Amino acid sequence: MSNSEATVHLTKIAGAKRQLDTAIRLYFARDDELSIHTLVAAAFRILRDLIEKRGTDFEAELLRAGLYAMAKRYRAGTLPENVSKDLKESGILSLFETIADDDDPSRIRITRDKAKSRGWPSGPANFLKHANRDADALLAAGDINNEMFLIGACTAYLELMHMPSPEMMAFMALWAVEHDAALDGWYEPARELADRLASLKKNVRYRACAEWVRLMKN
């Protein structure tokens, strides 16, 4: 290497961001699911580990935030009708009403088995990573849920950095539209994109997200 050349060093979180952004672009392109999964699983592991280094139980925080947001939407009457119906039939409606009345979601106590959840995500990602102990193993295509891991990885990145990339904003906007979720208090470009996506047919939303990312990065 000549004296004029410089070595580029990447932090763990910068590496995870690049993997996650690439996975999202492949997702919008409806590209290979296995490649997407390998990228997002690797990024998620790094982000989860960095969060836990700060003493935060990421999975518990994610579940707490989800329960609180759903309870508030139930009280506001903005949950989809089928979800509200399921809540009423489940017998836990009184719990959601209690949560909705509380302005401090940190009081929601989450108890879980950390030993069992520690490996998440692991199944398909581990299958694709090595073959020294399971050379004859098979992977069911239905075991791959890239959407779930992408939303988890985006949330983890925001927990650490608080500023999403254009790819993350576009994915969160798409996820919000397709799951009838609110983006209250979120970034204005993402909310504007979500409004646009809601007016489009489902089969053109991915292409619209990819184009939006390109425009945002130029």
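At what angle do the axes of helix α9 and helix α10 cross? In this predicted model, where local features need pLDDT of at least 70, side-chain atom pairs count only at pLDDT 80 or more, and totals for chains, interfaces and linings use all residues, the answer is roughly 45 degrees, with the axes of helix α9 (residues 166–178) and helix α10 (residues 188–198) coming within 8 Å. Residues are numbered from 1 along each chain as its sequence is written, and side-chain values use heavy atoms, with hydrogens and water left out.

**The chain as a whole**

The protein chain holds 11 helices and 0 strands, where helices (H or I, at least four residues) and strands (E, at least two) are DSSP runs numbered from the N terminus. Read along the sequence, the pattern of the protein chain is therefore α-α-α-α-α-α-α-α-α-α-α. Of the 218 residues in the protein chain, 37% are buried; buried means under 20% relative accessible area, exposed means over 50%, and partly exposed lies in between, with a 1.4 Å probe and protein chains only. Among the contacts in the protein chain with a separation of 6 or more, 68% are accounted for by residues 24 or more positions apart, a contact being heavy atoms within 4.5 Å.

**Helices α9 and α10**

The axes are lines fitted to C-alpha atoms, for helices over the stretch in contact, and the angles run from 0 to 180 degrees between N-to-C directions. The axes of α9 and α10 cross at roughly 45 degrees, which makes α9 oblique to α10; angles under 35 degrees count as roughly parallel, over 145 as roughly antiparallel, 65 to 115 as roughly perpendicular, and the rest as oblique. The crossing in which α9 passes α10 is right-handed, a term used if the near helix is turned clockwise from the far one by less than a right angle, whereas anticlockwise is left-handed. On the α9 side, the contact is made by Met169, Ala170, Ala173, Leu174 and Val177, and on the α10 side by Pro189, Ala190, Leu193, Ala194, Leu197 and Ala198. These residues of the contact of α9 with α10 divide into 11 nonpolar, no polar and no charged, where Ala, Val, Leu, Ile, Met, Phe, Trp, Tyr, Cys and Pro count as nonpolar, Asp, Glu, Lys and Arg as charged, and the others, Gly among them, as polar.

**Salt bridges**

Side chains of opposite charge can pair when their charged atoms come close. A salt bridge is a side-chain nitrogen of Lys or Arg within 4 Å of a carboxyl oxygen of Asp or Glu, and by this rule the count comes to 8 salt bridges. The table gives some of them.

| Salt bridge | N to O distance |
|---|---|
| Arg25 with Glu167 | 2.7 Å |
| Lys217 with Glu167 | 2.7 Å |
| Lys202 with Glu178 | 3.2 Å |

Arg25 forms a salt bridge with Glu167; Arg25 lies in helix α1 (residues 12–28) and Glu167 in helix α9, so the pair ties together parts that are 142 residues apart in sequence. Arg25 counts as partly exposed, because its relative accessibility is 37%, whereas Glu167, at 0% relative accessibility, counts as buried. The side chains of Lys217 and Glu167 also meet in a salt bridge, and this pair links distant parts of the chain, with Lys217 in helix α11 (residues 202–217) and Glu167 in helix α9, 50 residues apart. At 47% relative accessibility, Lys217 is partly exposed.

Lys202 forms a salt bridge with Glu178, a pair that again links distant parts of the chain, since Lys202 is in helix α11 and Glu178 in helix α9, 24 residues apart. Lys202 is exposed, with a relative accessible area of 51%. Salt bridges that share partners join Arg25, Glu167 and Lys217 into one network.

Ala43 is found in helix α2 (residues 33–53) and counts as buried, because its relative accessibility is 0%. Leaving aside residues up to four places away in sequence, Ala43 touches Ala16, Gln19 and Leu20. The C-alpha atoms of Ala43 and Leu20 are separated by 5.9 Å, although these residues are 23 residues apart along the chain.

Arg30 is placed in the loop between α1 and α2, and its phi is near 55 degrees, a positive value in a residue other than glycine. At 57% relative accessibility, Arg30 counts as exposed. His162, found in the loop between α8 (146–161) and α9, has a positive phi of about 70 degrees although it is not a glycine. His162 counts as exposed, its relative accessibility being 53%.
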